[in-house]
Amino acid sequence: SDVLAGVNLRRAFATIGRDSDRTGTLNTIRNSFTRAVTARKQVLDRAVDRIGTPTDANVLEFADAALRAQRFSLVINELSGRYERDNSNVAFANRLAFAYLQTGRYSEAVRVFTTLKRYGKPDAYSYALLGV
């Protein structure tokens, strides 16, 4: 849970060496960070799963949850077809381009932006993504 992640982060930052056992202190910090990351990842994955199958009504909520969970392939799979059908949708374009950037598919991210520029109205976020 988020609480568990917070507790482990707090434990990692609050850990101080009380004696000369530097290795033990570093292990405690490492283990606390690992548990915090694992707990947070589980929370984010459950948020995606809770939304269920994307529909027209919840596809942006689904995409945002998947992006937070770093499940970029889910976003690409869900939004690429939708964006091809509606090239003017800036919300789809921005999320799709971000997912492409995060997966190293730079030419596809640029293609999304180029198409958006031709058929829609890029916003500040679109231009920031292009700058990346």
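## Two helices side by side: α3 and α5

The axes of α3 and α5 come within 11 Å of each other and cross at roughly 20°. Here helices are DSSP runs of H or I with at least four residues, strands are runs of E with at least two, and both are numbered from the N terminus. Axes are lines fitted to C-alpha atoms, for helices over the stretch in contact, with angles from 0 to 180 degrees between N-to-C directions. α3 and α5 are therefore roughly parallel to each other (under 35 degrees counts as roughly parallel, over 145 as roughly antiparallel, 65 to 115 as roughly perpendicular and the rest as oblique).

On the α3 side, the contact is made by V59, L60, A63, D64 and L67, and on the α5 side by A91, F92, R95, F98 and A99. Contact means heavy atoms within 4.5 Å. By class, this α3 and α5 contact has eight nonpolar, no polar and two charged residues. Ala, Val, Leu, Ile, Met, Phe, Trp, Tyr, Cys and Pro count as nonpolar, Asp, Glu, Lys and Arg as charged, and the others, Gly among them, as polar.

## About the model

This is a predicted model, in which local features need pLDDT of at least 70 and side-chain atom pairs count only at pLDDT 80 or more, while totals for chains, interfaces and linings use all residues. Residues are numbered from 1 along each chain as its sequence is written, and side-chain values use heavy atoms, with hydrogens and water left out.

## What α3 buries, and what follows it

In α3, the residues V59, F62, A63, A65, A66 and L67 are buried. Buried means under 20% relative accessible area, exposed over 50% and partly exposed in between, with a 1.4 Å probe and protein chains only. The buried residues of α3 pack against α2, α4 and α5.

After α3 comes Q70, in the loop between α3 (59-68) and α4 (72-85). Q70 is not a glycine, yet its phi is positive, at about 60°. Most residues other than glycine have a negative phi. Is Q70 buried or exposed? At 60% relative accessibility, Q70 counts as exposed.

## α5 against α6

α5 and α6 pack at an angle of about 165°, and their axes are 8 Å apart. The two helices, α5 and α6, are therefore roughly antiparallel. From α5, the contact uses V90, A93, L96, A97, Y100 and L101, and from α6 it uses Y106, E108, A109, R111, V112 and L116. The residues of this α5 and α6 contact divide into ten nonpolar, no polar and two charged.

## The nonpolar core

Which residues of the largest nonpolar core touch the most other members? Of its 26 residues, they are V75, L79, Y83, L96 and V112. Two or more core residues come from each of α2 (22-51), α3, α4, α5 (90-102) and α6 (106-119), and α5 gives the most, with seven. A nonpolar core is a set of buried Ala, Val, Leu, Ile, Met, Phe, Trp, Tyr and Cys residues joined through side-chain atoms within 4.5 Å.

Leaving out residues up to four places away in sequence, V112 touches Y83, A93, L96, A97 and Y100. T115 is also found in helix α6, and at 13% relative accessibility T115 counts as buried. Setting aside neighbours within four places in sequence, T115 is in contact with Y83, N87 and G120.

## A look at Q42

Q42 has its place in helix α2 and, at 40% relative accessibility, counts as partly exposed. Q42 and A69 are 27 residues apart in sequence and 8.7 Å apart in space, C-alpha to C-alpha.
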